[in-house]
Amino acid sequence: MQLEALFNKLKHGRRIVAPVSREGYFVYETVHNFKEIAIDFTLPIYPPKEVMLPQHEPVYSFKGANVRATIPSEKTVIFGVRPCDVRAIGVMDNFMFSGIAEPYYKARRENTLIVAIQCAKQFENCFCDVFGSFKLEKGHDIGLARGSGGYLIKAGSKLGEDTLKSLKIKQDSKLPQANFKITKPHQQFKARIGELDKLSDSKHWDTAATECFSCGGCTIVCPTCQCFDIEDHSAPNLATGKRIRTWDSCQLKPFTRVAGKYHFRGKRTDRFRHRYYHKLVWGDNCVGCGRCVTICPTKIDMREVVLKL
Amino acid sequence: MNPYKPKFVKIIKVEEMTSDIRLFRVDFKCRHRPGQFIEVFLPHYGEAPMSICSCSTQYLEMTVRAVGNVTNAIHKLNVGDTIGIRGPYGNGYDMKSLKGKHLYIIGGGTGVAPLRGIIKYAEQHPKDFASVNIFMGFRNPEQVFFKEDIELWQRMFNVYLTVDQPSKAWRHCCGVITTLLEKQKLINENGVAMTCGPPVMIKFVIKSLNAAGFRNDQIFMSLERLMRCGIGKCGHCMVSNLYVCKDGPVFRYDQVQDKKE
């Protein structure tokens, strides 16, 4: 299968979001021509979560007690998702769909087709070998892997099967799987993760947190971070207004501010540690994509922090 | 069903409790448990989580202290005005599971509000409990609210009041609430304690309860955090791995005693 042919077939009636090159980084953007895509992309610094969870999502507009909500319905293809990000989307789906499902995420997710591309090798800060998230197993709709003279293609879901059938694309019988062996330092990291529930009082949390600016960069680039705020905006004439859901971060001090100006996680160490436990202990919420390591302005590496506890 | 859309209802009663606390009764009919909360929306001001302090399927009551933008704006509303409500959210107290027990309801300051729903339930089902013992502490006599309710409760149940700074006319106890607790004989066998108030008060109340023989699985507390979405998704109300809006706000103490912020 040639990627350009697949792209041209998929774009009918769908918006395509794919990795492009911007100022030395790869990012996901809406593209109209195959030539805009950076085929040699490594790992886009921003994860594809923005398709299902835009940074600013209009929730409803209101005029007095008259509230009007518009649930999004645009069909989108994310063309070029790494296996670790596919797993991350699965983590986010499980969370957002559980209990009272988040309706805007759900609507966007149900209208999104994921085209995953296998990794031939690991990139600079990847630690997907710790979690096995380099494996492309489920969560994607169409899977691609480099073969001789093009790409091998296989559906990963019923939606993928139906789509390939309707586009008259012949599937390959099997997709090869990447097999990145876990490195020795990563083995130690993985073992330490298993001990984290006993290490919440370690003095190293304070030491590690002194390097942190609480800038929130790690939560912006993390493919499983989805915390949000709800803001109400008013038109200057106060006749109408709108409610917007925006990205928020547990790393920012006002995240736990309550009436009376009290902050439950006012101490940087508390905020810093909270993220580690949320990602590594309270569920399989880290996929080892390494973006937090890449983006951190003071080069804090999650693996080093955990090993020093 | 969109969980972000509020339902607009009319205010049917406004009662001034203290200089900055008002009770609002709204025409919102729903089945709810004591200890649950709602998100209250005032267009152009915003949304704030409020404890439900009633126990009725015919209306909902909340006690609002004017501390910020939204609450100050709510205080300007009158009977007949509309307000947006989302909810009820949270787990609340499972009152049926407490049948036959000695209830110890211990509240300090605004912490008294979520506990009022429990006492209202007991008013409606007085024979359900072995005893109902209410301990309330306030800063001074002007800060005492639910005065009318307290008068009724003093006739039906055992009520003990204290203030930090008494006035000349104050005829009850003075001092912190733990002094009140230590003066009474608390029945820990088949007893359950429900407490709500400032964190430092809860800390010392638990110490007193433990000293009286209450195990940590006999103590319930209502935790307060910033509940933004109310549906367990936005992350603001997390205490360790628990969502106060979904796993709480009512928690059994032994389930949270080791949790870090």
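Me: How many salt bridges does the rule find across the interface of domain 1 of chain B and domain 2 of chain B?

Reply: One. The model is predicted, with pLDDT of at least 70 needed for local features and 80 or more for side-chain atom pairs, while totals for chains, interfaces and linings use all residues. Residues are numbered from 1 along each chain as written, chains are lettered from A and ligands numbered from 1 in written order, and side-chain values use heavy atoms, without hydrogens and water.

Me: What makes domain 1 and domain 2 of chain B separate units?

Reply: Their bounds, 7–89 and 95–222, come from an automatic or database domain assignment. The centres, taken over C-alpha atoms, are 24 Å apart. The contact (heavy atoms within 4.5 Å) takes 15 residues from domain 1 of chain B and 16 residues from domain 2 of chain B.

Me: What area is buried between the two domains of chain B?

Reply: About 1200 Å², of which carbon and sulfur atoms give 57%. Buried area is the accessible area (1.4 Å probe) that two parts lose on being put together, summed over both. On the domain 1 side, Pro34(B), Cys55(B) and Arg65(B) lose the most, together 35% of what that side buries.

Me: How many residues of chain A and chain B are in contact, and what area is buried between these chains?

Reply: In chain A 43 residues touch 30 residues of chain B. The buried area is about 3200 Å², with 62% from carbon and sulfur atoms. Ile100(A), Phe264(A) and Trp282(A) supply 18% of the area that chain A buries against chain B, more than any other three residues.

Me: Why does the pair Arg243(A) and Glu47(B) count as a salt bridge?

Reply: Arg243(A) and Glu47(B) meet at 3.0 Å, N to O, which means that this Arg and Glu pair passes the cut-off already given. Between chain A and chain B the rule finds three salt bridges.

Me: How many residue pairs are in polar contact between chain A and chain B?

Reply: The count is 16, both residues at pLDDT 80 or more. A polar contact is a pair of N or O atoms within 3.5 Å; within protein, one must be able to donate a hydrogen and the other to accept it, and sequence-adjacent residues count only if both atoms are side-chain atoms.

Notes
Salt bridge = Lys/Arg side-chain N within 4 Å of Asp/Glu carboxyl O.
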